[in-house]
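Please open the structure in a viewer and keep the sequence at hand.

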Amino acid sequence: MPQIVQRSAALGLLSLVLVSHPARADDATRELLDEVRHSFTLDGKPIPPEIFRDIGDGNLADSLPIRVTIDVKAAVGSNLYGDEITPAGPGWIAQRPADKASLNGTDEYAYHYVGATANGLLVVLASANKGGSCTFVTLHILDLAGAKAFTPEGQVYERINVTALRDISLGDRWYGTARIAGNTIIVTTTRSGPTDDSGKAPVMKVEAGRPQG
């Protein structure tokens with residue numbers, strides 16, 4: 001009988017350990033998700049602008065993005081997105097790939113984080129310049145979620161994934177503002193392109209939601 005009691009106690013202790021570790025991991029993940037929604041940073045570090053190159057802004061040949069999800073936890077501080085991040089105007093940050101210089105100039109990817117909608121989606125204005133005078137601006141609506149995966153050694157680790165839900169092209173050298181009211185994104189265009197001198201400021205409203213079904 002004593003052996004059974006001791007074994008049960010050991011199993012109980014093991015159960016506590018197994019239960020408590022996921023809880024701590026989940027708390028840490030929730031904190032990271034909250035930080036991304038609040039400031040689009042992870043552990044105080046900005047999420048690299050070049051992720052928008054890879055979820056569609058670097059591909060003008062296809063109407064729909066092909067790579068749609070990025071683990072931003074892995075992206076921050078990675079070699080893939082290791083180019084210097086610099087300010088690019090009020091509220092904007094940018095990256096210029098060091099190996100993409102050409103006769104037309106250097107590629108540049110930048111973004112301005114607008115914020116999170118009431119239902120937790122992320123709203124970002126991003127710009128892409130692939131050398132030359134054209135800078136294409138896109139309104140991105142992103143989903144955000146934690147996800148578990150395995151390392152090559154078989155250990156479980158947490159991903160922080162952003163997934164493109166909707167991308168709206170605003171045009172070449174677009175100027176304007178975007179703000180959030182609940183789940184509605186209000187985009188005001190002050191200049192739709194380099195030749196726009198109309199002085200008009202049209203407003204577009206976009207409902208941010210997750211696909212159903």
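**First stop: a helix pair**

Select D27, which counts as partly exposed at 38% relative accessibility (partly exposed lies between buried, under 20% relative accessible area, and exposed, over 50%, with a 1.4 Å probe and protein chains only). The model is predicted, with local features requiring pLDDT of at least 70 and side-chain atom pairs pLDDT 80 or more, while totals for chains, interfaces and linings use all residues. Residues are numbered from 1 along each chain as its sequence is written, and side-chain values use heavy atoms, without hydrogens and water.

D27 and R30 form a salt bridge, their closest N and O atoms 2.2 Å apart (a side-chain nitrogen of Lys or Arg within 4 Å of a carboxyl oxygen of Asp or Glu). The two residues are three apart in helix α1, which separates them by about one helical turn (helices, H or I of at least four residues, and strands, E of at least two, are DSSP runs numbered from the N terminus).

**Second stop: a strand and a loop**

Select E108 and R96, whose salt bridge has its closest N and O atoms 2.9 Å apart. E108 belongs to strand β8 and R96 to the loop between β5 and β6, so the pair ties together parts 12 residues apart in sequence. R96 is exposed, at 53%.

Select R173 and D172, joined by a salt bridge of 2.8 Å, N to O. D172 counts as buried at 16%, whereas R173 is partly exposed at 26%. The structure holds eight salt bridges.
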